[in-house]
Amino acid sequence: ESTTEAFINGSNGFNTHNLESDLLDIMRGASRIHKLMLFHNNQYFLHTNKGFYWKINNEHLEKQINKQMHDIVSISISPRNGSWIVIYSNRYVSSTGVPDVVGRTLGTFFKEHHELVAKRSSMTAGYDAVVHTIERIPLLSQVEKAQPVLQSPSSHASSSHQPSLRRFGDARHLEAHTDGASRGNPGDAAIGVIFYDSLTQ
């Protein structure tokens, strides 16, 4: 059996070998090719600027693709037994016949992915709450903000600027977090800043 090949060059350029004429016509009529996946027996999944196109011989897989085609990241079809896996941005769906080790690996990956997303969401919610708190605190003048930083702890008690610091009210301990990495990426990516007023202790 002759192989079928396609190479996408940039957003709309491509080179092909042994592609069916109907698929070639669709590709030539598009100004941008977002995703192309080729499978055995001339099956394919294509996403262009004009829409989604596919030729799938499995009825169950075709129904699965039709459910949420916009969120599909990858499709795999086994030429040996016809089993398949559809990977979405935050989950996967598979048929019977997929090796157990593959299912366990994907399950572990998405479990860790969901935990990381939940952690990032919690950090973002905390950051939004802190920003809201900061916005409610009256701003000090540049002199009032600079002088307490330059004072030593022993000089705080006699500082003529001590009353102005009370304008912070009950904000004794303020902690702000900002996320410096793309959401969903693994690894630590937060920076913490603490504003602490020792005069209220």
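Searching the whole structure, a predicted model, turns up one cavity of 30 Å³ or more. Here a cavity is a set of points on a 1 Å grid over the protein atoms alone where a 1.4 Å probe fits but cannot get out. Local features need pLDDT of at least 70 and side-chain atom pairs 80 or more, while totals for chains, interfaces and linings use all residues. Residues are numbered from 1 along each chain, and side-chain values use heavy atoms, leaving out hydrogens and water.

**Cavity**
- The largest cavity comes to about 40 Å³, counted as the space filled by probe spheres set on the points.
- Its lining (residues with an atom within 4 Å of a point) is made up of Thr4, Glu20, Leu23, Leu38, Phe39, Asn42, Gln43 and Tyr44.
- That lining splits into four nonpolar, three polar and one charged.

**Nonpolar cores**
- Phe45, Leu61, Ile72 and Ile75 touch the most other members of the largest nonpolar core, which has 15 residues.
- A core joins buried nonpolar residues (under 20% relative accessible area, 1.4 Å probe, protein chains only) through side-chain atoms within 4.5 Å.
- A second, separate core has eight residues, including Met27, Ile33, Leu36 and Leu46.
- Beyond its neighbours within four places in sequence, Ile72 is in contact (heavy atoms within 4.5 Å) with Lys35, Met37, Phe45, Ile65, Val86, Ile87 and Tyr88.

**Hairpin**
- β1 (5–9) and β2 (13–17), both DSSP E runs of at least two residues, pair antiparallel over five bridges; pairing takes at least two.
- Phe7 has Asn15 in β2 as its bridge partner.
- Three residues separate the strands of this hairpin, and Gly10 in the turn has a positive phi of about 75°.

Definitions and conventions:
Buried means under 20% relative accessible area, exposed over 50%, partly exposed in between (1.4 Å probe, protein chains only). Helices (H or I, at least four residues) and strands (E, at least two) are DSSP runs, numbered from the N terminus. On a 1 Å grid over the protein atoms alone, a cavity is a set of points where a 1.4 Å probe fits but cannot get out, and a pocket is an open set with protein on both sides within 12 Å along at least five of seven lines; lining residues have an atom within 4 Å of a point. Ala, Val, Leu, Ile, Met, Phe, Trp, Tyr, Cys and Pro count as nonpolar, Asp, Glu, Lys and Arg as charged, and the others, Gly among them, as polar.
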